[in-house]
Amino acid sequence: MFETVEMHTGGEPVRIIVGGYPELTAPTLLGKRREALEHHDHIRRLLMLEPRGHAAMYGAIPVIADNPEADFAVLFIHGEGYSTMCGHAVIALGRWAVDSGLVAAVEPETVLKIQVPCGLVEAKVEVSDGVSGAVSFVSVDAFAHGDGHQVDVPGLGTISVDIGYGGAFYAIVDDRQLGLTVGGSPIDDLVQMATRVTAAASASVGLRHPTEPDLEFLYGTIVTDGRDGSAEPSQNVCVFADRQVDRSPTGSGVTARMAVQHARGELDRGDARRFSSLTDAVFGATVVSASSRDGLDSVRVQVSGEAFYTGRATFHKEDADPVEGFLLD
């Protein structure tokens, strides 16, 4: 029996598992992530896939933090596996933590710290007359991975791809290079092409994270409209994991885009941008700090957005039920 709180951020679902998930005993959060994969992955499939979930379902599992600064920790799950960072879920979790009493509400702003698999993020939740509202969070150190990469994409040819890290690695590409238009081309075409880019970039670009080998993988591709988000929101589509499409602007993806722009000298500390998704949801983003350590230039980005409740649920599986979880392609 599993109890969940259902939310969405910009149309992207967040299924928070608040009851029934077994206690994870690994001493570190990345260890808990491996433990969940090796011993409890049937629960992910049960709650993310059909018939209880769907191809775009996304979830969060609050767990005990090993970082003493954190109020709590969280594992992120989806149809394919386990994310290392998820901004849209952090925005939802901020409201949930305040409203559930996990952290004490403070007006006009409640500050809390959440340990995620890629590090520690600080979230701020607006609270007025006891009601929670918009949420912002400050990212982990984000950076550009090199200065553009030439990638040979089957059926398309060689294109220029930026790779940014915002808690996960993303390939970032202008829609014009793909012969498509964000917001205009069929979503199936965007998904197919972004998936090709992810596969090609994964095969040709060796990723390096400064501290955690577990984070050295390309999570997905962000197709942008080519704008920088300064004059008006820049629309993008993030295709991650197994062809999942983020309905929100993607918090970690927005962070990666800001890191790439900073590396190019296109913005500095205090500069703000706005990014939108196909649902017209908007995330604001501001560079709050920049640093250089061990030859790596990085930034921290504050990302802001809104999450809303959609319900509560109780899920279970009868012993005689042979269906654990599936997706129809």
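Biologist: Why is L328 called exposed?

Modeller: L328 has a relative accessible area of 69%, and exposed means over 50%, buried under 20% and partly exposed in between, with a 1.4 Å probe and protein chains only, so L328 counts as exposed. This is a predicted model, in which local features need pLDDT of at least 70 and side-chain atom pairs count only at pLDDT 80 or more, while totals for chains, interfaces and linings use all residues. Residues are numbered from 1 along each chain as its sequence is written, and side-chain values use heavy atoms, leaving out hydrogens and water.

Biologist: Where is L328 placed?

Modeller: L328 is found in the segment after β19 (307–315); strands are DSSP runs of E with at least two residues, helices runs of H or I with at least four, and both are numbered from the N terminus.

Biologist: What makes D225 count as buried, and what does its side chain meet in S234?

Modeller: D225 has 15% relative accessibility, so D225 too falls under the limit and counts as buried. The side chain of D225 makes a polar contact with the side chain of S234 at 2.8 Å, where the term asks for a pair of N or O atoms within 3.5 Å, within protein one able to donate a hydrogen and the other to accept it, residues adjacent in sequence counting only if both atoms are side-chain atoms.
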